[in-house]
Amino acid sequence: MNQKERMLAELPYKAWMDGLSEERLENKKKIYKYNNLEPGNFEAQDRLIKEILGKTGKNINIEAPFHCDYGYNIEVGENFFANYNLTILDVGKVKIGDNAQIAPNVSIYTAGHPVHPDSRNSGYEYGIAITIGDNVWIGGNTCILPGVTIGNNVVIGAGSVVTKDIPDNVIAAGDPCKIIREITEKDRDFYYRDRKFDVGDY
């Protein structure tokens with residue numbers, strides 16, 4: 001296998017070999033264009049982000065600035081929204097389901113390096129896939145680390161560092177991120193903590 005094949009297979013690889021540097025440079029050029037589009041140019045924004053990412057739903061909105069390594073390793077579903085400063089290190093595959101809401105300053109890192117300094121200084125690194133389910137809200141300044149799977153209908157609290165898998169239908173938060181409680185039907189009537197909706201169309 002060449003180094004790109006090793007990267008895609010989640011094996012140790014060297015990021016400057018076999019055309020990987022050139023692929024990152026080409027993606028940086030697209031990212032630069034995207035991040036510098038005139039506000040309100042929605043048609044160009046939609047076209048360019050769909051060129052950058054590997055797979056998307058019809059409706060997608062990522063507020064600039066946005067950063068990623070390759071782009072083609074990222075798949076997002078329908079009704080995807082990400083606020084300012086989303087960073088995805090997509091050395092490994094990143095799959096995100098439908099109706100994702102991502103707050104500002106979220107970082108999704110498939111990339112990592114060996115712990116031992118001799119191994120790390122050899123230049124080898126790795127990427128391990130991250131999967132995020134449907135109907136997930138990720139709070140601001142959250143960091144999601146390699147290999148993590150986040151289930152469906154999950155809320156991740158702001159400032160969390162997600163180091164392990166999170167199951168469906170829970171609120172989880174903290175550093176490291178831990179389950180706080182289950183989300184139930186009783187939550188439907190509240191828009192914030194103990195504040196009930198004063199409208200009927202929620």
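Mentor: Three strands make up an open, antiparallel sheet in the order E1-E11-E10. Strands here are DSSP runs of E with at least two residues, and helices are runs of H or I with at least four residues, both numbered from the N terminus; two strands pair if DSSP finds at least two bridges between them. The edges are strand E1 (13–14) and strand E10 (111–112), each pairing on one side only. E1 meets strand E11 (residues 124–127) over two bridges in the antiparallel sense, with Tyr-13 opposite Glu-125 in E11.

This is a predicted model, in which local features need pLDDT of at least 70, side-chain atom pairs count only at pLDDT 80 or more, and totals for chains, interfaces and linings use all residues. Residues are numbered from 1 along each chain as its sequence is written, and side-chain values use heavy atoms, with hydrogens and water left out.

A second open sheet has five strands, paired in parallel in the order E3-E6-E9-E14-E17. Its edge strands are E3 (66–68) and E17 (161–162), each of which pairs on one side only. Within this sheet, strand E6 (residues 86–89) and strand E9 (residues 107–109) pair in the parallel sense over three bridges. Thr-87 stands opposite Ser-107 in E9.

Strands also contribute to the lining of the largest pocket: strand E16 (155–156) and strand E20 (190–192) are the elements that give two or more residues. E20 gives the most, with three residues.
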